[in-house]
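Thanks for coming, everyone. Please take a look at the model on the screen, and then I'll walk you through it.

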Amino acid sequence: METNNAPAAIGPYSQAVEAGNLVFASGAIPVEPSTGELVEAKIELQARKAFDNLKAVLAAAGCSLDDVVKTTVFLSNMEDFATVNGIYAEYFSGEVLPARSAIQVAALPKKAMIEIEAIACKA
């Protein structure tokens, strides 16, 4: 499944794959879809762009953030956790929140500061 409203895959993978009623969204990084360029290196801007890109992929699969059951947030610096956590709460604020893991990694594609992947369940 592909959409032009999110950055194109930068390798041999899909933006998302459907398996039954589950949608597995690949990691969304803070790249502007129209240019393929990373947004400014500020965690607030990068987190919002990554979430917006994830939303676009889910929308193309017929889902929304309300359908997400699990997320994984990859951070290049765990010092950004509190900031990202606050932004995460703006995007996920339903009665039942997704399960989540947050992991610090040595590096992310295009030197991004954040990458977010998700699993959604279609009703």
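First, a term: a residue is buried when under 20% of its relative accessible area is left, exposed over 50%, and partly exposed in between, with a 1.4 Å probe and protein chains only. This is a predicted model, where local features need pLDDT of at least 70, side-chain atom pairs count only at pLDDT 80 or more, and totals for chains, interfaces and linings use all residues. Residues are numbered from 1 along each chain as its sequence is written, and side-chain values use heavy atoms, without hydrogens and water.

Now the layout. The protein has two helices and five strands. Those are DSSP runs, numbered from the N terminus: helices are H or I with at least four residues, strands are E with at least two. From the N terminus, the order is β-β-α-β-α-β-β.

Next, overall size. The C-alpha trace spans about 35 × 30 × 20 Å along its principal axes. Of the 123 residues, 39% are buried.

Let's zoom in on α1. This helix covers residues 43-60, 18 residues in total. Which of its residues are buried? They are Ile 43, Gln 46, Ala 47, Lys 49, Ala 50, Phe 51, Asn 53, Leu 54, Ala 56, Val 57 and Leu 58.

One last stop. Just after α1, Gly 62 takes a positive phi of about 80 degrees.

Notes:
Expected span 1.5 Å × (residues − 1).
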